[in-house]
Amino acid sequence: QLQVVESGGGLVQAGGSLRLSCTVSGGSFNSYTMGWFRQAPGKEREFVAGLNWNGESTKYADSVKGRFTISRDNAKNTVYLQMTNPQPEDTAVYYCAASTYGLLMRSVYVNEFEYDYWGQGTQVTVSS
């Protein structure tokens with residue numbers, strides 16, 4: 001059974017930086033598309049960033065483009081989300097997701113239904 005576990009959340013000041021990590025076990029991590037989503041209080045969960053199996057294709061939500069960077073280390077079964085210059089509106093629970101659909105694809109998925117394994121989430125709070 002695939003397991004997805006996030007870490008690295010916490011409290012960060014606006015303008016600072018924070019790196020989230022997500023480790024996947026129990027599957028073939030190096031063939032999966034991976035994504036980060038977030039859900040703020042009172043809002044629906046939304047796509048933040050994603051990358052394909054080898055990291056050559058990435059996608060970002062417009063709201064984080066230029067500030068957040070997604071990357072992966074297939075040797076460590078880990079995907080990262082580097083948050084630079086976070087703002088209070090980035091406060092949310094951040095979820096990591098793995099997609100076992102379309103293995104070894106060039107494309108990056110941006111919809112929740114395209115991901116089939118999810119972590120429990122990690123809280124990120126950005127103070128002003």
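The following legends describe close-up views of a predicted model.

The model is predicted, with local features requiring pLDDT of at least 70 and side-chain atom pairs counted only at pLDDT 80 or more, while totals for chains, interfaces and linings use all residues. Residues are numbered from 1 along each chain as its sequence is written, and side-chain values use heavy atoms, with hydrogens and water left out.

**View 1. Strand E4 and its two partners, E9 and E5.** Strands (E, at least two residues) and helices (H or I, at least four) are DSSP runs numbered from the N terminus, and two strands pair if DSSP finds at least two bridges between them. Strand E4 spans residues 33-39, and six of its seven residues are buried. Here buried means under 20% relative accessible area, exposed means over 50%, and partly exposed lies in between (1.4 Å probe, protein chains only). E4 runs antiparallel to strand E9 (residues 92-99), to which seven bridges join it; within this pairing, Trp36 stands opposite Cys96. Strand E5 (residues 46-51) also pairs with E4 in the antiparallel sense, over five bridges, and Gly50 in E5 is the bridge partner of Gly35. E4 and E5 form a hairpin with six residues between them, and Gly42 in the turn has a positive phi of about 80 degrees.

**View 2. Aromatic pairs around Phe37.** Rings of Phe, Tyr and Trp (its six-membered ring) pair if their centres lie within 6.5 Å; planes under 30 degrees apart count as stacked, over 60 as edge-to-face and the rest as tilted. Five aromatic pairs are found in a search of the whole structure. One of them joins Phe37 and Phe47 edge-to-face, at 5.6 Å centre to centre and 75 degrees between the planes. This pair links distant parts of the chain, with Phe37 in strand E4 and Phe47 in strand E5, 10 residues apart. Phe37 counts as buried because its relative accessibility is 1%, and Phe47 counts as buried at 14%. The rings of Phe37 and Trp118 have their centres 4.9 Å apart and their planes at 55 degrees, so this pair is tilted. Because Phe37 lies in strand E4 and Trp118 in strand E10 (residues 117-118), the pair ties together parts that are 81 residues apart in sequence. Trp118, at 23% relative accessibility, counts as partly exposed. One aromatic cluster is formed by Phe37, Phe47, Tyr109, Tyr115 and Trp118.

**View 3. Arg45 over the rings of Tyr95 and Trp118.** A charge sits over a ring if NZ of Lys or CZ of Arg is within 6 Å of the ring centre and within 35 degrees of the ring normal. The charged end of Arg45 sits over the ring of Tyr95, 4.7 Å from the ring centre. Arg45 also lies over the face of Trp118, at 4.0 Å from the ring centre.

**View 4. The open sheet E1-E3-E8-E7.** Four strands form this open sheet in the order E1-E3-E8-E7, with antiparallel pairing. Its edge strands are E1 (3-7) and E7 (68-73), each of which pairs on one side only. The twist averages 15 degrees from one strand to the next; axes are lines fitted to C-alpha atoms, for helices over the stretch in contact, and angles run from 0 to 180 degrees between N-to-C directions. Strands E3 (residues 17-25) and E8 (residues 78-84) run antiparallel and are joined by seven bridges. Cys22 has Val79 in E8 as its bridge partner.

**View 5. Gly10 and its contacts.** Gly10 has its place in strand E2 (residues 10-13) and is partly exposed, with a relative accessible area of 25%. Leaving aside residues up to four places away in sequence, Gly10 touches Leu18, Gln123, Val124 and Thr125, where contact means heavy atoms within 4.5 Å. Gly10 and Thr122 are 112 residues apart in sequence and 7.9 Å apart in space, C-alpha to C-alpha.

**View 6. Asn77 and Asn85, two residues with positive phi.** Most residues other than glycine have a negative phi. Asn77 is not a glycine, yet has a positive phi of about 55 degrees. Asn77 is found in the loop between E7 and E8 and counts as partly exposed at 25% relative accessibility. Asn85, likewise not a glycine, has a positive phi of about 50 degrees. Asn85 lies in the loop between E8 and E9, and its relative accessibility of 35% counts as partly exposed.
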